[in-house]
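Visitor: Hi! I have this model open on my screen and could use a quick tour. Can you help me get my bearings?

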Amino acid sequence: MSDSPVAVETHTPELRHHFASAEQQRDASTFGMWLFLATEIMFFGGMFCAYLVYRFWYYNEFAAGSRSIDIWLGAINTAVLICSSLTVALGVRAAQMGKRKLLVALLLITMVFGLAFLGIKGIEWYQKFEEHHIPGNSFNVDDIIHDYPQIHIDPRHEQIFFSLYFAMTGLHALHMIIGVGIFTFLTYKAWKGAYSPSYYTPVEVGGLYWHFVDIVWIYLFPLLYLIDRKPLR
Amino acid sequence: MATAAVTAERENYLNKEYGIRSWLLTTDHKRIALLYLISITFFFFIGGFFALLIRLELLTPAGDLVQADTYNKLFTMHGQVMVFFFLIPSIPAVLGNFLVPLMIGAKDLAFPRINLLSWYLYIIAGIMMVHCIVTGGVDTGWTFYTPFSTAFSNTKVIEAGLAIFVSGFSSILTGLNFVVTIHRMRAPGMTWSRLPLFIWAHYATSIIQLLGTPVIAITLVLVVFERAFNLGIFDPNRGGDPLLFQHLFWFYSHPAVYIMILPSMGVVTEIIPCFTRKRIFGYKFVAASSIGIAVLGFLVWAHHMFVAGISLYSAMIFSLLSYMVAVPSAIKVFNWTATMYKGSISFTTPMLYAFGFIGLFTMGGLTGLFLSALGIDVHVTDTYFVIAHFHYIMVGGAVMGYLAGMHFWWPKISGRMYPEWLGKFAALIVFLGFNLTFFPQFLLGYMGMPRRYWQYPPEFQVLNVLSTAGSTILAVGYILPMIYFLWSMRYGEPAPDNPWGASGLEWTTQSPPTTFNFEETPEVTWEAYDYEHIPAPEEVPVER
């Protein structure tokens, strides 16, 4: 091993030995996260594909199921996530400018938003549990059928809607939990002063992940909550 | 370099540190490649063990060695272990891991710790799979078709599904690492048109891994959810569609075939110019055909579903698209043969495997055209013709390419030469054993012997006996290289830096390389496969 990498390493301790420059390292990291997000799109894409097929086939059941989930909790959650995206973006900015305390505060606020989202989501799931809308042996949508006597609703097809609802929101929530985990780590490192205007890649990369999870919700909200909200006569 | 004395061992990645920690916590891509080599070899022999049991059962028409239930488990676990735990990681995770940074003049992959994480994920998945196997196994076939897998099978579908889910993450992370490395870590002067074609093949493979693997991941998650939490996405009783499962499954699992074969093609593309002492014919076409195969590979999945009840019109379109895959594949085969034309061919072990690869891949590819033809496909669907076809691609193609690459780069990996005569002997045995095993299966399938049955009518016995005999010969051919590779690590001749007189940056550094690969970052000023300017080793018959 020649002397030069060692000399560079003492200059910028974040630069790992196999990169030629800090810029190359930053480029590689963000590019890697973008590629990972591409795989995530394909991951959720499988469920969006199933959603597309079944919504086309079982529109009435999808619309009725959509009416039965709480639009206000969904809307509040959408607002919460948009706010959390803002605090993430501001956090990256704070890291770029080297404002340690501001960065820590913004990361913490982001996590509070994320946990609030999960809490509200939990309330929604609990409601569904009470209403016996969770697919399985005790699944019962007589209440939905009773509410909309004017349209034909097949309870078996209603299970498909709720299967997709729980699979999609469940895996989204899992991504949120992982995001909160990542942000806990970032907050700890930021508190320790690991990030500076010359090195803030982890904040940026973690932020990319957070934004992606938000964007998935931005699609899930209209697809699951807003299928058909016209008053039925 | 060649004059450096090899008597006193130079410092290299193997002897720099010792001890179990230095291996299990390494971030060196070369050591991780060896970790992968050991683990995939383990799974190769597990999968091979199931294959031999299958062949033993089929030695006689009656179902006398195992019962039908056990037989279902045997072929399922043979398929799952071989596909997800051997073939998918085989060349990328071993040779790719070792060679991608070396070939492009980098010190390591872009994300060394993620590389190690990918191995650990593979090991976690492997432990789950082994646990699943020893506690009862799965009987769904490697395809997990619903509703059998979700509602009827009484075997460990959830555990196998989760094991494959986790191994998928390992595969995604390897692919992600390669794409970022190839984009961002190339040495000065290593332009895209100077990249070795092995790199192009791995680039195309990685794209498939990145875009395809998540789809099977979500599909298996939904199957697991359906079994575990009673969701109904693929359940026909609730209006769910098993065909949707097949679409999602094959959207990954057809391109997965190209994850297996493209790296082998990359290996062969390195070996042929070296042992013909010529530049590759049509560099750009070979490079583009790798990308072409990756792209087209995503557009043909429904040819696995011609008899499953898809519409005739979509079947016709998928049939046409499947034929189109033949174009980039044929470009490769023709360019390899054109490279050999008037070359100074030497029949070394890697070259023998490469010859085997070309022939067997061509047969596998051409019988693939039979299967893309709607009429013939109906006749041979779910017969041994299909089995023979994809084993010609996966074993005759992918495994031959893997062995070719292992022999070609073994001097670089281990710093030792293997015994050449034994290598040639094993290559011959593998070729003979392979053809004896799988060629009769083409005939059996065409005569109508269905796959996945543990017994068969007596008139099929002769060909089945031939096939079983071949499988034992093949097994010998696979065990031999493992033995002499291990032997060579201690007793083999020390390898020079460039024993084959090959092009490529990996041969400019010492054998085995140091931890950081190169003394100083190389600067590339020449084209790939610049064999006009590379002296051939003494024993190669070239005009000097």
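Visitor: Where is the place of B:Pro147?

Guide: B:Pro147 is in the loop that runs between α4 and α5 (148–152) of chain B. Helices here are DSSP runs of H or I with at least four residues, numbered from the N terminus. This is a predicted model, so local features need pLDDT of at least 70 and side-chain atom pairs count only at pLDDT 80 or more, while totals for chains, interfaces and linings use all residues. Residues are numbered from 1 along each chain as its sequence is written, and chains are lettered from A and ligands numbered from 1 in the order written.

Visitor: Which residue does a cis peptide bond join to B:Pro147?

Guide: The partner is B:Thr146, and omega for that cis bond is about 0 degrees. Another cis peptide bond links B:Ser511 to B:Pro512, with omega about -15 degrees. B:Pro512 belongs to the segment after α15 (461–491) of chain B.

Visitor: What about B:Tyr529, buried or exposed?

Guide: Buried: B:Tyr529 has 24 C-beta neighbours inside 10 Å. A residue is buried with 20 or more other C-beta atoms within 10 Å of its own, exposed with 12 or fewer, and partly exposed in between, the C-beta atoms being placed from the backbone. B:Tyr529 is in the segment after α15 of chain B, and it has a positive phi of about 60 degrees despite not being a glycine.

Visitor: And what is the phi of B:Asp382?

Guide: It is positive, about 55 degrees, and B:Asp382 is not a glycine either. B:Asp382 sits in the loop between α12 (374–380) and α13 (384–414) of chain B. It is partly exposed, with 13 other C-beta atoms within 10 Å.

Visitor: Switching to helices: how many residues does α4 of chain B have?

Guide: Helix α4 of chain B covers residues 112–134 and has 23 residues. Its buried residues include B:Trp119, B:Tyr122, B:Met128 and B:Met129. Those buried residues pack against α2 (29–57), α3 (68–104) and α6 of chain B. After α4(B) comes B:Gly136, whose phi is positive, near 140 degrees.

Visitor: At what angle do the axes of α3(B) and α4(B) cross?

Guide: They cross at roughly 160 degrees and come within 12 Å. That makes α3(B) roughly antiparallel to α4(B), a label for angles over 145 degrees. From α3(B) the contact uses B:Met77, B:Val81, B:Phe85, B:Pro89 and B:Asn97, and from α4(B) it uses B:Asn115, B:Tyr122, B:Gly126, B:Met129 and B:Ile133. Contact here puts the C-beta atoms, placed from the backbone, within 7 Å.

Visitor: How about α6 and α7 of chain B, what angle there?

Guide: The axes of α6 (residues 157–184) and α7 (residues 197–229) of chain B cross at roughly 155 degrees and come within 8 Å. So α6(B) is roughly antiparallel to α7(B) too.

Visitor: Which residues of α5(A) are buried?

Guide: Among them are A:Leu103, A:Val104, A:Leu106, A:Phe113 and A:Phe117. Their cover includes α4 (71–97), α7 and α8 (201–225) of chain A. A:His132 follows α5(A) and has a positive phi near 60 degrees.

Visitor: Last one: how many residues of chain A are in contact with chain B?

Guide: 33 residues of chain A are in contact with 34 residues of chain B. On the chain A side, α2 (22–57) and α7 (155–191) each supply at least two residues. α2(A) gives the most, with 17 residues.

Technical notes. Axes fitted to C-alpha atoms, helices over the stretch in contact; angles between N-to-C directions. Parallel < 35°, antiparallel > 145°, perpendicular 65-115°, else oblique. Contact = placed C-beta atoms within 7 Å. Expected span 1.5 Å × (residues − 1).
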